[in-house]
Amino acid sequence: MNIAIIDADLIGRKKHRFPNLACMKLSAYYKQNNNKVILKTNYENIKEFDKVFISKVFTDTEVPEGVLKMPNVEYGGTGFFFDKAPPLLPEIEHIMPDYNLYDEWIKEKIELGAKPKEFEDYVSASIGFTTRGCIRHCSFCVNKNYNSANLHSPISEFYDPKRSRICLLDDNIFACKYWKEIFQELKSTGKRFWFKQGMDERLLTDEKCEILFNSKWYGDYIFAFDNIKDIQVIEEKLKLIRKYTNKIPKFYVFCGFNHTDPDHYNDEFWRNDIFDIFRRIELLMKYKCLPYIMRYKDYELSLYRGIYINLARWCNQPSFFKKKSFRDFCEINGLNSACYRYMVNFEKQHPEIKKYFDMKYEN
């Protein structure tokens with residue numbers, strides 16, 4: 001058959017610097033069965049192919065509705081079905097990914113002026129899941145229907161020794177009772193590795209910290225601080241982290257989501273949410289960690305939308321965050337800028353925010 005595989009996020013997003021694992025597995029399976037497979041980077045001439053597989057990770061990536069209705073098109077992934085996405089067939093799920101699927105696209109991008117560094121995850125990383133599932137039931141999360149984290153694949157299933165590092169996509173590695181065996185298996189490869197989705201610091205113990213912070217790690221240690229209600233346990237774990245490493249971990253700071261009533265938002269909620277973000281940032285500053293603001297889509301509904309945007313601009317650029325307070329950051333954007341106006345207007349309405357606007361990482 002003549003088969004096209006479409007990574008919809010590659011087409012529909014301004015920046016997309018990570019390969020779609022399902023696309024690479026589909027490609028490997030159909031190439032293995034002597035089909036002609038290409039990565040298609042547009043929605044033109046779809047009818048020319050016997051089969052077209054479309055996958056996306058992000059729910060807001062747009063795909064033409066007419067394309068999805070075509071008889072030769074199949075589509076899947078969390079971007080289409082969120083927590084109800086049907087799994088790949090076992091023989092596809094557990095195949096070595098086709099790490100060459102994106103080669104021609106990468107070559108074209110570099111010829112057009114892109115920097116090779118932008119494609120490191122495409123060309124240098126073995127990618128896969130050692131476990132699937134989580135124990136948290138977070139209502140905003142694609143994994144909310146899981147009750148546990150269980151073994152999914154041995155590392156050998158997706159490990160390419162020619163690649164310099166290993167990227168794990170596990171949902172909650174420390175919730176799996178076999179976490180130690182997985183770390184031992186990773187160590188045996190001799191490669192650097194990291195868990196891209198972040199780790200659950202609430203499950204850290206002395207044993208886990210000792211193994212984690214003595215691993216051959218790649219990049220930032222990434223955790224999550226999703227809810228202000230966890231502030232006490234987060235501080236306990238931050239103290240534990242600091243027993244084992246002086247490195248600077250990064251924490252995803254999820255915001256713009258009503259954990260107690262996801263369908264109800266009002267001015268009081270938005271005000272409290274902004275204050276809660278700053279309280280979390282304050283704690284992370286105290287233990288020399290970096291926040292990374294993750295905005296739930298409903299932040300767009302807020303009267304303080306501009307504050308959310310500029311908090312992300314401040315925190316998600318460590319070069320600014322480490323040197324400047326939020327007030328400093330808004331001021332360097334210019335006293336006539338929207339950034340500065342958002343800050344001033346919020347402070348006029350809620351003057352008690354002043355101490356948070358002026359706190360600095362370096363202090």
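Phe183 is buried, at 4% relative accessibility (buried means under 20% relative accessible area, exposed over 50%, partly exposed in between, with a 1.4 Å probe and protein chains only). The model is predicted: local features need pLDDT of at least 70, side-chain atom pairs count only at pLDDT 80 or more, and totals for chains, interfaces and linings use all residues. Residues are numbered from 1 along each chain as its sequence is written, and side-chain values use heavy atoms, with hydrogens and water left out.

**Aromatic residues**
- The whole structure holds 46 aromatic pairs (rings of Phe, Tyr and Trp, the last by its six-membered ring, with centres within 6.5 Å; planes under 30 degrees apart are stacked, over 60 edge-to-face, the rest tilted).
- Trp179 and Phe183 form an edge-to-face pair, because their ring centres are 6.0 Å apart and their planes meet at 75°.
- Both residues belong to helix α8 (residues 179–189) and are four residues apart, about one turn of the helix.
- Trp179 is buried too, with a relative accessible area of 8%.
- One aromatic cluster includes Phe275, Tyr304, Trp314 and Tyr361.

**Charges over rings**
- The charged end of Arg132 sits over the ring of Phe129, 3.7 Å from its centre (NZ of Lys or CZ of Arg within 6 Å of the ring centre and within 35 degrees of the ring normal).
- Arg295 has its charged end over the ring of Tyr299, 4.9 Å from the centre.

**Helix α10**
- Ile234, Lys237, Leu238, Leu240 and Ile241 are the buried residues of α10 (helices are DSSP runs of H or I, at least four residues; strands are runs of E, at least two; numbering is from the N terminus).
- The face turned away from the buried side of α10 carries exposed Gln232 and Lys243.
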